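Hello,

Here is the structure I promised to pass on. Please open it first, then read the notes below.

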Amino acid sequence: MGGHGGSTDSSTASGTDFDVIVLGGGINGAGIARDCARRGLKVCVVEKNDLAKGASGANTGMIHGGIRYLMYDVHTTKMSCTDSGYIQRIAPHLLFRVPFIVPVMKPQGAGLLQTMMDRLLLEGSEVFFEAYDVYQPLKRGKPHTRLTRDEALALEPGLNPNILGAVTMDEWGIDPFRLVVENAIDAVEHGAVILTWHEVTGFVKGSDGRVEGVDVQDRLTAGATTRRLRAPVVVNATGAWGPRTAAMAGASYQLRPGKGVHIVYSHRISNYGFAITGVDGRQMFLMPHENGSIIGTTDDDYYGDLDHPRATEDEVKYILQAARDVFPGIDQYRMSRTYVGVRPTLFTWAKNEDRLSREHEFYDHEAQGVPGLISVAGGKLAAYRQLAEEVSTEVARRLGNTVACSTHAAPLPGAEGPIDVDGWMKDLPKRHRLAVSRMAYRHGSRSQALLKAVDDDPRQACETCLCEPVCEAEIRGTIQTEVVRRLVDIRRRTRQSMGACGGTRCAVRTSQILLEEANLTAVEQLVELQGAMDARFIGKRPVLEGANLATEELNQAMHFLGGNLGPLFRAARLLADDAGGRAAIGIGAPADAPATRDVDGIVHHRTQATAIVVAPIPGDRP
Ligand SMILES: Cc1cc2nc3c(=O)[nH]c(=O)nc-3n(C[C@H](O)[C@H](O)[C@H](O)COP(=O)(O)OP(=O)(O)OC[C@H]3O[C@@H](n4cnc5c(N)ncnc54)[C@H](O)[C@@H]3O)c2cc1C
C-alpha cells in the first residue's frame with residue numbers, strides 16, 4: 001500500500017532535493033511544514049508512524065491558556081492565549097467551546113474561624129480568575145462568573161454538594177488529530193511531500209560534519225532499501241524522541257519526557273468541564289470532548305519505551321479518585337478506554353513535573369559541530385503556530401527566503417468557505433444529519449466536496465458506525481486525500497471506531513472500504529484489521545471491568561470467532577513459529593514476494609491468503 005493522495009506518494013520524494021526536511025509529523029512538524037511550504041520552500045516531512053501518532057494525538061485537546069501556568073509561567077499563558085486566538089481565526093470549524101465549572105470545595109471544620117476561611121477561599125479563587133480574565137479577550141474567552149453553591153448545583157446536579165460555590169472559566173477544545181492533518185494537507189497543497197510510516201534511520205553528513213540530509217526507511221514496504229533525502233536544513237521535530245534523533249547525527253540536548261494518561265468515556269458525563277484535584281494536589285479536568293467525555297491528565301517523569309507507553313490500572317484509580325471528589329457519581333459511568341502520550345517537556349532539574357515550563361525552544365546544533373540541524377523542544381498544542389513561525393523564520397533566513405509568515409491569517413483546509421449543513425442536507429434523508437454535521441465539524445467547507453460522492457453513489461451516505469457517526473463518503477474521501485496508508489490512520493482522521501463500540505461494529509466494514517480504495521489484498525485487509533483491533537485493546541486493557549469486559553468479549557467473539565479471524569491469525573503465527581521468526585503472516589515467502597506487515601507495522605513478506613487459510617490448525621474446528 002503506497003501513500004494515497006497524489007503528492008503524498010512516497011515515490012515522489014525519491015532522489016528529490018528539498019530546501020528543508022522536517023522530522024516528525026506531530027503538530028510541531030506539521031506546523032513547521034505548513035509555514036515553510038507557504039513561504040515557497042520545498043519541504044519534506046518524514047514521520048515514522050502516522051500523523052499525530054505521538055503526543056499531538058494523545059493530549060487533552062485544549063486550545064487554552066493554561067490557567068495553571070498563571071502561577072509560575074505567565075509568559076506561556078499569554079503566548080497560548082494569543083496563539084489560541086489565531087487558531088480560532090484559521091480553523092473556526094475545529095474549535096468547540098468548553099464552559100468550565102471550577103468548584104471550591106468546603107474544607108472540613110466548623111465554627112467562626114472556618115466560616116472566615118471559607119470566605120477567604122472563595123475570594124482567593126475569584127482573585128485568581130480575575131487575573132486570567134486579563135488574557136481571555138486574546139482567545140475570545142468570556143470572563144469568569146462566581147456561582148453560589150445552589151447555582152452551581154442547578155447547572156450540574158452531579159456535582160458534590162459539599163461545595164462552597166464555584167467559579168466559571170471559558171476554554172476551547174479541539175480535535176487534535178484534525179489540527180495536525182489540516183496543517184499537513186495545507187503543506188501538501190503548497191508543494192510539500194509527506195512521508196508517513198517512514199522512519200529516519202540516519203543522517204547524511206558532509207566532510208565538514210554539516211548535516212545534508214537523512215536516510216529513511218518505509219516501514220510498510222518489504223525489501224525497501226534505505227532512501228536518501230537531501231536538504232541543506234533538517235529540523236528535528238520528533239517530540240519526546242528528539243534527543244534520540246539528534247544523537248543519530250552526533251548532537252545532543254535534554255528533555256524531561258512526561259507521561260500523561262486520560263480516561264475516555266464514549267458518552268457525555270456533563271456538558272460542562274470541571275477542574276478536579278488529585279490526591280497529590282495536581283489539577284486535572286473532567287470535560288466534554290467531541291461526543292464523549294475525558295478525564296486527565298496525569299503528568300509523571302517517564303523513562304520507559306517511547307514507542308509503547310501504556311496506561312496502568314493504578315493511574316486509572318488515581319484519576320478516578322480525583323474525579324470522585326468533585327463528581328461522586330463517576331463510578332456509575334462506563335469507561336471505554338484510556339490513552340497515553342509523552343510530552344517533550346523542556347529539561348529542568350529539581351522541579352516537580354507539574355511545575356515544569358510549557359515554553360518551547362529550538363536548538364541550533366552548529367555549536368556542537370553539527371551545522372544544518374535544528375531541534376525543537378517543549379511547547380503546547382495551543383502555541384504550535386507560534387513555535388512553527390519562529391522555527392520557519394530561522395529556516396527561511398538561512399536559505400535567504402524573505403517571504404513573511406502567513407499562518408496566523410491564512411485559513412486551514414476547511415476554513416476557506418461557508419459551512420451550510422442545511423443546504424448540504426437538502427437531498428439527503430434527515431437521519432443522516434448527525435453524520436453530516438460531524439463531517440462539517442471535521443472538514444468544514446470541504447465537506448461539500450466529500451458529499452459530492454453521494455450524488456453519484458447514494459449508498460455512500462450510509463453511516464459505517466452509529467456510535468461516532470461517520471458516513472462512507474467521508475471515509476473514502478479521507479483515504480483519497482488525507483495521507484492515509486493504514487486502517488488506524490482512518491480512525492485518527494474521522495474518529496471511526498472511537499465511539500462506544502470501539503470498532504466492534506465498524507472496523508470490518510471500514511477495512512473493506514480501505515481494501516477497495518487502496519487496492520489491498522485480502523491478507524493485507526486482515527492484517528490491517530488485526531492491527532487496528534490490537535491498537536484498541538492496548539487502550540482498553542486498564543479499564544476492562546464490568547460492562548466493559550462484556551463488550552470486549554462480544555467484540556472478540558465477533559472478530560475472532562464469528563469473523564473467523566482467530567484461526568487465520570493463529571495459522572499465521574504457527575507459520576511464523578515454524579519458521580523460527582516473529583508472529584506474522586507469510587514469513588518464509590521468497591525475497592521478491594510482495595510484502596505485508598504485522599501488528600506493529602513491521603514489514604514481512606507475504607503469501608496469498610489462501611495459503612494461510614489452508615494451513616493446519618491443531619485443535620481448531622473444521
Ligand atoms: C497527556 C498530554 C496532554 C496534553 N494536553 C495539552 C493540551 O490540552 N493543550 C496543549 O496545548 N498542549 C497539550 N499537551 C502538549 C502537546 O500535546 C505537545 O506539546 C505537542 O503535541 C508536541 O508535539 P510534537 O510535534 O513536538 O511531538 P509529537 O506529537 O510527539 O510528534 C513527534 C513525532 O515524531 C515521530 N518520530 C519519532 N522518531 C522518529 C524518527 N526516527 N523518524 C521519523 N519520525 C519520528 C513520532 O512518531 C511522532 O509522531 C499535552 C501533552 C500530553 C502528553
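Glycine 379 counts as buried because 30 C-beta neighbours lie inside 10 Å. The cut-offs are as follows: a residue is buried if 20 or more other C-beta atoms lie within 10 Å of its own, exposed if 12 or fewer, and partly exposed in between, with C-beta atoms placed from the backbone. Glycine 379 sits in the loop between β18 (373-378) and α8 (384-398). Not counting residues up to four places away in sequence, glycine 379 touches Asn28, His360, Tyr384 and Leu387. A contact here means that the C-beta atoms of two residues, placed from the backbone, lie within 7 Å. The C-alpha atoms of glycine 379 and glycine 239 are separated by 9.4 Å, although the two are 140 residues apart along the chain.

Some ground rules. This is a predicted model: local features need pLDDT of at least 70, side-chain atom pairs count only at pLDDT 80 or more, and totals for chains, interfaces and linings use all residues. Residues are numbered from 1 along each chain as its sequence is written.

**Overall**

The protein has 622 residues, and 51% of them count as buried. Its secondary structure comes to 18 helices and 22 strands. These are DSSP runs numbered from the N terminus: helices are H or I with at least four residues, strands are E with at least two. Take the contacts between residues at least 6 apart in sequence: 69% of them join residues at least 24 apart.

**Core**

The largest nonpolar core has 154 residues. Helix α5 (residues 176-189) gives the most to this core, with eight residues. Such a core is a set of buried Ala, Val, Leu, Ile, Met, Phe, Trp, Tyr and Cys residues joined through C-beta atoms within 7 Å. Val20, Ile21, Ala33, Val43, Ala184 and Val235 have the most contacts inside the core. Leaving aside neighbours within four places in sequence, valine 235 is in contact with Val20, Val22, Leu23, Ile32, Ile374, Val376, Val391 and Val395.

**Ligand shell**

There are 38 residues around the ligand, and Gly26, Gly54, Asn59, Gly239 and Gly260 come nearest. Elements giving two or more residues to this shell are α1 (27-38), β7 (198-205) and β16 (335-343). A residue belongs here if its C-beta atom, placed from the backbone, lies within 6 Å of the molecule. By class, the shell has 14 nonpolar, 18 polar and six charged residues. Ala, Val, Leu, Ile, Met, Phe, Trp, Tyr, Cys and Pro count as nonpolar, Asp, Glu, Lys and Arg as charged, and the others, Gly among them, as polar.

**Helix α11**

In α11 (residues 447-456), Ser447, Leu450, Leu451 and Val454 are buried. Seen down the axis, the buried residues of α11 fall within an arc of 95°, so they line one face of the helix. That arc is taken from the directions from the helix axis to the C-beta atoms. Ala449, Lys452, Asp455 and Asp456 are exposed on the other side of α11. The buried residues of α11 pack against α9 (421-425), α10 (433-443) and α12 (472-481).

**Strand β12**

Four of the five residues of β12 (residues 273-277) are buried. β12 runs parallel to β3 (residues 95-105), joined by two bridges. Pairing requires that DSSP finds at least two bridges between the strands. Phenylalanine 274 in β12 is the bridge partner of isoleucine 101. Phenylalanine 274 also stands opposite leucine 286 in β13. β12 and β13 (residues 283-289) pair in the antiparallel sense over four bridges.

Best wishes
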